[in-house]
Amino acid sequence: MQNILFVGAGSMAEALLQGWIREQVVKPGHIYVTNRSNKARLTELQTRYGVKILANNEKIAHMDIIVLAMKPKDVHTSMEQLRPFIANNTIILSVLAGIAMETIQVGLGERPIARVMPNTSATLGMSASGIAFNDVMTAEQKAFFMTLLNAVGTVVEVPEDQLHAVTALSGSGPAYIYYVMEAFLAAGEKLGVEKETVRALMTQTIAGSAAMLKRFDEEPATLRKQVTSPGGTTEAGIRVLDELHVKDAIENCVMSAEKRSRELASGK
Ligand SMILES: NC(=O)C1=CN([C@@H]2O[C@H](COP(=O)(O)OP(=O)(O)OC[C@H]3O[C@@H](n4cnc5c(N)ncnc54)[C@H](OP(=O)(O)O)[C@@H]3O)[C@@H](O)[C@H]2O)C=CC1
Ligand SMILES: O=C(O)[C@@H]1CCC=N1
């Protein structure tokens, strides 16, 4: 089995490694974690999942796969730290928003690189991930990465440039849905409904709507029409969303996130 090192032991690293362990695609004893300074976090992951803490930099040479899972601003420092130790045949899996495979190749030398954009729902095996591979990745290596990402949800291969859009849509997407949920909770409070009641009703409503979209090959607008009785409550609600240009706001939100991903690529 392959040895996998997570460089960066934050929320994305935890979401992925716990999914891989749960789905038994990687054994905990083959997963190593390291970060910049937070040793307590490494011990926490070790205790929780049975993964190993990288004992010293010499061990880096024994890794088959290195997952870059630090913040994009920290990648250059991290690559400088890895460079003296990394073996020629080590493969890179990057989860960094915005950072091009070309940048990683410059930092760590030519080698197979996969760049993935998962989301935090990987924790429950429900990530929506986009993935791109560089030219030197073999079909067998690609298949292995597809297995890893399928273990934590669904994965779609896209051209690398589209990962900016994937980041803006499904990478950041959970935050948009949580934002909407915050608004439902605030509205529920104003209407005097218990927070837990609103939470129970609206989480099921979001899950049910997503399931309907997945199950039926209908446009969202068609499914929306089925809810909207003429002269009824939904129509009254949607009228306000239209008056406030909420569709434009969401479109602009995604465009802005995509732009930010491109900025991260250029080091801004
Ligand atoms: N969170 C999300 O929803 C998603 C995040 N991503 C991407 O995942 C990456 C990680 O995000 P997230 O998990 O949220 O970040 P976190 O802030 O939770 O974790 C970042 C980790 O990187 C470590 N780190 C920083 N510098 C170094 C270094 N030089 N060497 C080793 N480790 C280092 C930090 O260590 P320490 O704590 O010791 O400083 C910390 O453990 C980002 O690039 C992001 O773009 C992708 C998809 C979704
Ligand atoms: O906000 C970010 O930059 C990262 C990438 C996608 C989700 N979180």
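Analyst: The secondary structure of this predicted model comes to 11 helices and eight strands. Along its principal axes, the C-alpha trace spans about 70 × 35 × 35 Å. Of the 268 residues in the protein, 39% are buried. Looking at contacts with a separation of 6 or more, 63% of them link residues 24 or more positions apart.

Now to the outside, and to your patch. The protein has an accessible surface of about 15500 Å², and carbon and sulfur atoms supply 56% of that area. The nonpolar patch is formed on this surface by Tyr-179, Val-180 and Phe-184, which together have about 310 Å² of accessible area. Phe-184 belongs to helix α7, which runs over residues 173–190. Is Phe-184 buried or exposed, or something in between? Its relative accessible area is 33%, so Phe-184 counts as partly exposed.

Helix α6 covers residues 163–171, and its buried residues are Leu-163, His-164, Val-166, Thr-167 and Ala-168. What do these buried residues pack against? Their partners are α7 itself, the strands β6 (113–117) and β7 (127–133), and helix α11 (246–265).

His-245 lies in the loop between α10 (233–243) and α11. The phi angle of His-245 is near 55°, a positive value in a residue other than glycine. With a relative accessibility of 49%, His-245 counts as partly exposed. Gln-24 also has a positive phi without being glycine, here near 60°. Gln-24 sits in the loop between α1 (11–22) and β2 (31–34). Gln-24 counts as exposed because its relative accessibility is 69%, and the cut-off for exposed is over 50%.

The side chains of the protein include 27 positive and 28 negative ones. The centres of these two sets lie 5 Å apart.

Terms used
Residues numbered from 1 in each chain as written. Chains lettered and ligands numbered in written order. Predicted model: local features only at pLDDT ≥ 70, side-chain atom pairs only at ≥ 80, totals over all residues. Heavy atoms only, no water. Patch = residues over 30% accessible without salt bridge, like charges linked within 9 Å, V, L, I, M, F, W, Y side chains within 5 Å. Areas by Shrake-Rupley, 256 points an atom, 1.4 Å probe, with all protein chains shown as cover. Salt bridge = Lys/Arg side-chain N within 4 Å of Asp/Glu carboxyl O. Helix = DSSP H or I, 4+ residues; strand = E, 2+ residues; numbered from the N terminus. Buried < 20%, exposed > 50% of the residue type's maximum accessible area, 1.4 Å probe, protein only. Contact = heavy atoms within 4.5 Å. Lys, Arg positive; Asp, Glu negative; His and termini not counted. Charge placed at Lys NZ, Arg CZ, Asp CG, Glu CD.
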